[in-house]
Protein chains: 2
Amino acid sequence: MTNRNITIKDVAKQANVSVATVSRVINGLDRVSESTRKRVLKIIQELNFVPNNMAASMVNKKTNMISVVVPEIQNPFYTAVIEGTVEVAKREGFFTLVLSTNGDEGEEEEFLDSFLGKNVDGIILIGSHKEAEFYREIQKPTILVDRYFNDSGHDGVMIDNYRGAYEATKHFIEYGHERIAIIDGAHDFNDGKDRFWGYKQAMLEHGFTPDPAYHKQGNWTEEDGYKFAKELLQSHQPPTAIFAANNVLCKGTIRAIRDMNLKLGEDISLIGFDENELAQFVQPQVTVVRRPTREMGEQAAEMLIHKIKGGQLEPSKPKKVILDVELMKCGSVKKLN
Amino acid sequence: MTNRNITIKDVAKQANVSVATVSRVINGLDRVSESTRKRVLKIIQELNFVPNNMAASMVNKKTNMISVVVPEIQNPFYTAVIEGTVEVAKREGFFTLVLSTNGDEGEEEEFLDSFLGKNVDGIILIGSHKEAEFYREIQKPTILVDRYFNDSGHDGVMIDNYRGAYEATKHFIEYGHERIAIIDGAHDFNDGKDRFWGYKQAMLEHGFTPDPAYHKQGNWTEEDGYKFAKELLQSHQPPTAIFAANNVLCKGTIRAIRDMNLKLGEDISLIGFDENELAQFVQPQVTVVRRPTREMGEQAAEMLIHKIKGGQLEPSKPKKVILDVELMKCGSVKKLN
DNA sequence: TTGAAAGCGCTACCAA
DNA sequence: TTGGTAGCGCTTTCAA
């Protein structure tokens, strides 16, 4: 522990070969006679030598690690994405480094400039920055996940937020709902924006004008979900249906409905975006727009590693992969017609 | 992106100084005249130079990163620990690298041998290995969290699992319960073992002999919680109280109770270990043994960084810090007496 | 206050 | 098949 680390040199000396030969053995290159290979291997064993891969990385400029940067690590959506990327990366021989930025742009930047950020071979990024500019400056293979910026110059893996929200809203309408509220947060990123548009478009296309009083916009937090759901339900003309535009807003809404002693799917209909634990727990279960979270991570990792391995071939136009969503109909939407 | 990275040499040439001087400027050392410092700084700006900290690390043998290794990243207990360590580490100028091993010993080992594992300055480890031997071989500052091995040679941050379980069981007994069941998992680590002992000891001390039929031992999963709770509740002499020895077992138990249409805190009493979302959602809320998860991470990070900064002073005897737990009494325990 | 130069541990080219 | 050696980009003596 305290004693000097043993290096390739020590091995070379002991084995009576050059460091070059030891290096060849370590890296499993050919052009080494079986006998010397054996000898070197034995010495490596004896000395309990472990190559310093940092030194190697300095030379060949790759580390076989990628990072996945997410806004928060407490949200199951992000951990699912992480798990997907970790799995693929591992299969491809890459280590994945997980970083949570708390949605803080400063932390995100700091990370990218840090030891870790500088030394990974590629990045999977669910960004917190709101301008393409920031992403454009990232000088290494990067895949943007979930939140995308067209001028970023990077590939992206997203889901069809628009369609998810559209389908949810349409489902309400088809079941006879007219007073349909939406709870969402700031439209800082495409995901939130698209969900709202999907809602709006579905309303308009079916001849309804979205009532601003039914649009509650907060912070994408459970607290806001709770607060806004209560406000909506206590208003003098409450909506008959609520679309909660992400998983935590949905959880807050579920709590509010429970606390107000309303019957889900009876007194009030609800659709959430993304699955969540409470939605599955309550009875009836909550209808949600399900997105392939884990797959997003897998897809992103595959694209990233392909890029890393392929090197900078033609700087082709950024690819966007859009995965599909699915409306999981459970019992939380009442049929009014 | 494709063009060669600019290095300290380029800066030196442009600024008409030696690399040594540039290095001094970068590291904010004194012994540099104000005028040259200005000049160098200006060139650094112009060239948009960012030091390669990997090269620096090769020389001074530290990276200012630590890692926190956990069995799984989907469990809020672990993410809370992570958040605690990240916060402290950040404050102290360290980056934290998060690694989830899926409870797989192989993955844990692979990580420690990897680029990342070798190059962090210290490790916070919620281990998956079951023998002290493994931990003893880790040749760098390490803090064991939650799961501890006495002969590991490392410091540890734990909670008082024994007392938590003891208090929970005692609470049942004081409320007049006698048929008290426990659902837990394999006793691979001290945490699970101690919780069972706490339960057993409380029973014995109050004159009850723990009935093996009331001890359901599975895999620490939600499914097992569900399955065992059902088994217990459907047996011909069901317990009046269940102690679910971790958060996911508790969630499974809550589901089982709900699905069997039993009234929590009325038909069946329940205490969980560790908080969880369902425990807080259901009504009455579930009484739980609360442990200071985030604090565990903070404490561990503080100890680790202290160790890193202090270097290897005396190889003092490993310190164990045991944080206290608290029984949060909610409404899920019925008073029978 | 500044610079020259010797590493840190490894890889990869060129010679032998 | 092997070895010598010039880097990779930086830090840190030691001298100037």
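1. Helix α12 (residues 247-259) of chain B lies across β6, β8 and β9 of chain B, at about 155° to β9(B). Helices (H or I, at least four residues) and strands (E, at least two) are DSSP runs numbered from the N terminus. Axes are lines fitted to C-alpha atoms, for helices over the stretch in contact, with angles from 0 to 180 degrees between N-to-C directions; contact means heavy atoms within 4.5 Å.

2. This is a predicted model, in which local features need pLDDT of at least 70, side-chain atom pairs count only at pLDDT 80 or more, and totals for chains, interfaces and linings use all residues. Residues are numbered from 1 along each chain as its sequence is written, chains are lettered from A and ligands numbered from 1 in the order in which they are written, and side-chain values use heavy atoms, without hydrogens and water.

3. In chain B, six strands form an open sheet with mixed pairing, in the order β7-β6-β8-β9-β10-β12. Because β7 (215-218) and β12 (326-328) of chain B each have a single partner strand, one side of each edge strand lacks a neighbour in the sheet. Two strands pair if DSSP finds at least two bridges between them.

4. Strands β9 (residues 269-273) and β10 (residues 287-290) of chain B pair in the parallel sense over three bridges. B:Phe273 has B:Val289 as its bridge partner in β10(B).

5. Chain A contains 14 helices and 12 strands. Its C-alpha atoms fill a box of roughly 90 × 40 × 35 Å along the principal axes.
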